[in-house]
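Take a walk through this fold, from its sheet to its core and then to its aromatic rings. Keep the view open as you read.

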Amino acid sequence: MALSRRDWNNIIIFAVLGLMLLFFIVPQQLALLKQQQQQTEKVIADGFSLLQLQFAQTNVQQAGTAWHFQPQLPSKNSAAEIASAWQQLQLQAAVKPVTLEAPPLATVVLLLAGADSAQHWWLYQHQQQYYLQRQGQSALYPITEVQYQQLFPQLPVQ
């Protein structure tokens, strides 16, 4: 059975459409899917629990079911609010590369039950944006002003 000229034209048209789909549309959809699946990283992974947060001026420690500052600190946010914010924090890496030239504004050490070592996090500010960076990683994680105020003790203005 021989194909007519019209049948061959139809086959060629569908083959070209299939190649366009394969070379143009599929990679775009895969890139979009990858971008959507860029997962947020939990600061405290499942299976670990927060024991203590060490800041420059104070520590946030758990005593039974309550959290408290050691030494006591007159903060706008409570020790329990800070601990809760860190426990629930999920971060997504910055999409655009950022060059940080200034030293970190703050450092926090997270001591976790079940972890071999402590997590060290640095807080940076670049222009009007805050960033967190974990020791040993190059990724920067943008956080909002509100998150910054929830994660770090806020001393009252004198």
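**A helix across a sheet**

The model is a predicted one.

In general, strands of a sheet pair through backbone hydrogen bonds, either parallel or antiparallel.

Now follow strand 2. On one hand, strand 2 forms a hairpin with strand 3, with four residues between them. Three bridges join these two antiparallel strands, strand 3 covering residues 59–63. Gln54 has Asn59 of strand 3 as its bridge partner. Strand 2 also pairs with strand 6, again in the antiparallel sense, over five bridges. Here Ser49 has Ala113 of strand 6 as its bridge partner.

Return to the helix. Which residues of helix 2 are buried? They are Ala79, Ile82, Ala83, Ala85 and Trp86. Seen down the axis of helix 2, these buried residues fall within an arc of 160 degrees, so they line one face of the helix.

Next comes the core. The largest nonpolar core has 28 residues. Trp86, Leu110 and Leu132 have the most contacts inside it. Several elements give two or more residues to this core: strand 2 (49–54), strand 4 (66–70), helix 2 (79–88), strand 6 (106–113), strand 7 (119–126), strand 8 (129–134), strand 9 (141–143) and helix 3 (145–151). Helix 2 gives the largest share of the core, five residues.

Leu110 deserves a separate look. What does Leu110 contact, leaving aside its neighbours within four places in sequence? The contacts are Val43, Ile44, Leu50, Gln52, Leu53, Trp86, Ala118, Gln119 and Trp121.

The structure holds five aromatic pairs. One of them joins Tyr130 and Tyr148: the ring centres are 4.4 Å apart and the planes are at 10 degrees, so the pair is stacked. Tyr130 lies in strand 8 and Tyr148 in helix 3, so the pair ties together parts that are 18 residues apart in sequence. Are Tyr130 and Tyr148 buried or exposed? Both are buried. Tyr148 has 19% relative accessibility, and the cut-off for buried is under 20%, so Tyr148 counts as buried.

Tyr148 also forms an aromatic pair with Phe152. This pair is tilted, with 5.8 Å from centre to centre and 35 degrees between the planes. Phe152 counts as buried too, at 5% relative accessibility.

Step back to see the rings together. Ring pairs link Phe55, Trp86, Tyr130, Tyr148 and Phe152 into a cluster.

Technical notes: Residues numbered from 1 in each chain as written. Predicted model: local features only at pLDDT ≥ 70, side-chain atom pairs only at ≥ 80, totals over all residues. Heavy atoms only, no water. Core = buried A, V, L, I, M, F, W, Y, C linked by side-chain atoms within 4.5 Å. Buried < 20%, exposed > 50% of the residue type's maximum accessible area, 1.4 Å probe, protein only. Contact = heavy atoms within 4.5 Å. Phe/Tyr/Trp six-rings, centres within 6.5 Å; stacked < 30°, edge-to-face > 60°. Arc of directions from axis to C-beta. Pairing = 2+ DSSP bridges.
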